[in-house]
Amino acid sequence: MVFGVNNTLSSTRTALPKQSQKPASKALTNAVNTHSLPQAYAPSFGHRSPLHMAYGVNFSTQNGVLKKARARLFTFKDVEKVELQVARAIDNVADTLLTSYKNDVPSDALKIIPMKKIKPGHFDNNNIPLDQLSPGDRYRFKITKSDGKESFISDLYAKEMPNPFLDTTKLSDEAREQMQKNSLEAWPVAYDDNAYKFSQEHKDWVAGKNYKKISPTNPNLTHHTAMRIMQVHIGTLPAKDKSNPHHFNTFDDAIEHLDKVKELGLNTIELMPHGYFHKTNWGYDPAFPFASQYGGNDAFKKFCDEAHKKEINVIVDLVTNHHSMDGEHILAEAGPFARTDSKHGFGYKYNFDGDGKEDVRDWRVNESLYWLKNGADGIRYDLTEFTESKGFLTQLSVEVKHHFPDAVMIAEHDTNEIVQPLKGTLASKVDDSAHSKIVQELLDGNKHDISTQGFDARWHFGASHAIENAALRPFSRNLSNQDNSGLDKKIWDAQHQVKTFLSHDEIAKQEADGNDFVVKKLISNLFDQDLYTPNGGNAKMHENWRVSRAVRKLTNIFETGKEWPSAEKQTAQSISKSGGNPDDVYDEMYGVLDFEKGGFGLSKPISKEEFAKALDVAKATTKNAMAFTFSKPGPKQMFQLFDRPDKRFPFCRETTDSFRAKDYHEGKPRRVNGDWEDIDKGHRVDAQQIIDEAKMDIQDGEYTQQAKKYQDGMTNLIKALSKINDENPALQNGFISKPLVHEGSSLVAFHSKKGDNEIFAITSFDEVRDFKGDYGIDFPKGKWVEILNTDSKEFDGRGEFLNEGIINAVESQQQKISVPKSSTMVFKKVDDSTSKTPLKTVDTHADSMATDNGVKINIYDPKKGEEVVDNASDSVPLGDESSSSKNPDGKGSKLPWVAGISALAAFGAVFALGKSKKDNEHHKQLNKFA
């Protein structure tokens, strides 16, 4: 078996020096001129410059010395007077008075700074002496409307919030308790954005001097389609200081894990939202989007700095579609930011298209520019469709691409329109003056076509759910379907979009206990029904959580080699608490359960032998799903729990007391037709307790050798997949030229090409049958060598079904190969017996789109500025009988089920096929949640 055939860099970068060297100075100069690359920490802001970064409280320096402060506020147009009120360091004022910016504060404890009205709704003071306002001071705004009504408001541009969940040493116990309860109403902290000094390595990275920085436009950098992403939730990573009872994980803790990402060969980290929210949370309830929750903005900058030293890109997840539901009053009281007359499933909609829209759009545009300025390399935007404003999305893209052309923009979006290129002058590289004019025209709502938004990639729901379905559901895999719902069609459509088989949603959205993919597959194997389809409504889902927790508990026992529980313990009487106080339901779901207490809802005891077999299948399936995802063109993503099936990533969303007892909108209990509606949103959950429980499961030293072998195998697999992605442009911005499906044996294959570089990846989702050198399959013409096989012992496989030597494929002749069950094999086209392939530079960007009648390959020619159809490709129509209906025997007849699948399983297949439509509808519903 030949592994890692070619060590040559991607064909578009073959002339670049090694990673420790800088690109040629002429190339860098040309890149700056051609792509308007921002100089390190001196980005040019054209539209309303310099106001992009002027709002809130800021400080200016001269020769590294603080000189003065500035405050700028956008609020309601009928406000006639604004005062900035400053309270000196928290020790100088009774801390109980500073727990809410609305509290009365003695006048002698405040400094009152007047602000000048610039235009309706805009107030400024750009020359505040440092003895009036310094870094670390606490502040608020007092506004007076034209009718004389006075009120206090917080700063939605605040860049630091006092976080009572991090450092509480300056607070009394009483103040800390009150502050934690009302953390969203804390006084903001004046923050010096100039204090953190970035390293030279980081500055070189920003300037584009290291080709491993991702970019959608710069040919001297790594194209964004080569991203291999690990999604991370900072709050659930192990903390350095486990002795501090008030410690909440921060970016400093996360820095400790960068070496693991580097070791795996991944080149990008995607951070789940880090904007300030209440208490413990997934982050999708942002209240102050410019202030980092996990240790402050300096900690964020340091994290990016350290990541870039290790040549790892950083993408931040921003939520521009909704505000914190329990902080909506702060939003509504501050200015015309929200459409208080209109809500969606997450609360108030933003006022992106009403009166005052220019400043509301700026607020969220400036958020993107701020984090890119301070270290991020790209942004993933949460549920972009929920912004309900194509005008805003287009303006966002135009602004980001003008100021940070190397930044990668990823949308969580249902359709491809958001990744279609901007049209007309929107897509042109213009100077600041022309850019400002274009933005104003977008605000005026005329002259420009906003039917496409020009993002670089999107999270492809269809592909991700199709991969998950193929791996988890043996009898409803839907590998190929003429209605474009099949796995082959979804992968074709998603080849340059972000693909994953496991994200935060897939782990914890339905099963709030937060299971790994292995445990999800275990449940599918051990029980007669798919517990992840809510056939019985929320009551059924509640039962599923008990079963889910039971199976994970069994996994913990097995992975540590502890005594297997008896049948009596496994089937203990389950706790039943229907009706009554809703908190009782949460106590049942999230309380510390064990076998003695019961509460698992198991219908039958599970023997250790039965469990071991199911676990082997689940682990093989997980590796297979990972390899399938990483062997296709375009960006790939995995989650932080990829190698620990005993761990869990629970859903966590803790709200303020005032919101806990309320319905989303009407203040009613969540009881609907006898079930708890939207119970997975976790309104009354003590989220920090859940996170702590998730961290305490198993320590590294407790794993059995068998468990460690799987962990090492998965680690080796990710390393290997990263290596072949680095070495093969076909798996970056290549295109799929020939998908192939054998429905009868649950096998799919994809042929990917980029210039002379070709990859043929074959995946068997069959969990029963192995084929030893006798599986017939149509290889693309040429000589092929296997470079990866998940059955390898290196990946904790059996090592019995590898394909040695060169396969010489000719037209109209099947090749006989070994195909192990639940496996992926990756073959690379070679030019001769030396197994090395010369690569040619290819300047065109290949893209593909499925059509009703088949497939056409669209190649964008940057010189012509248009797309041309590549008629020379060897593409075939999806669903062509010549490729998709052949079976392992090489004949057109259907392959009979093997003896290992029982009549009961066959009945289950018919039942599951009947459910597939419901599953698809279920996936659509999942798409609507963050």
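Which residues is leucine 133 in contact with, leaving aside its neighbours within four places in sequence? In this predicted model, the list runs to Val57, Phe59, Ala69, Leu84, Val86, Arg88, Ile113, Ile128 and Ala190. Leu133 also turns up, along with Leu84 and Leu487, among the residues with the most contacts inside the largest nonpolar core. That core has 169 residues, and its largest share, 9 residues, comes from helix H18. There is also a second, separate core of 16 residues, with Ile762, Ile807, Ala809 and Val819 included in it.

H18 deserves a look of its own. Spanning residues 608–630, H18 packs against H21 (residues 705–727) at an angle of about 10°, and the two axes lie 10 Å apart. Angles under 35 degrees count as roughly parallel, so H18 and H21 are roughly parallel to each other. On the H18 side, the contact is made by Asp616, Lys619, Thr622, Lys623, Met626, Ala627 and Phe630. Facing them from H21 are Gln706, Ala707, Tyr710, Met714, Leu717, Ile718, Leu721 and Asn725. Sorted by class, this contact has 9 nonpolar residues, plus 3 polar and 3 charged ones.

As for confidence, the chain comes in at a mean pLDDT of 77, with 71% of its residues at 70 or more.

Technical notes:
Residues numbered from 1 in each chain as written. Predicted model: local features only at pLDDT ≥ 70, side-chain atom pairs only at ≥ 80, totals over all residues. Heavy atoms only, no water. pLDDT = per-residue confidence, 0-100. Axes fitted to C-alpha atoms, helices over the stretch in contact; angles between N-to-C directions. Helix = DSSP H or I, 4+ residues; strand = E, 2+ residues; numbered from the N terminus. Parallel < 35°, antiparallel > 145°, perpendicular 65-115°, else oblique. Contact = heavy atoms within 4.5 Å. Nonpolar A, V, L, I, M, F, W, Y, C, P; charged D, E, K, R; others polar. Core = buried A, V, L, I, M, F, W, Y, C linked by side-chain atoms within 4.5 Å. Buried < 20%, exposed > 50% of the residue type's maximum accessible area, 1.4 Å probe, protein only.
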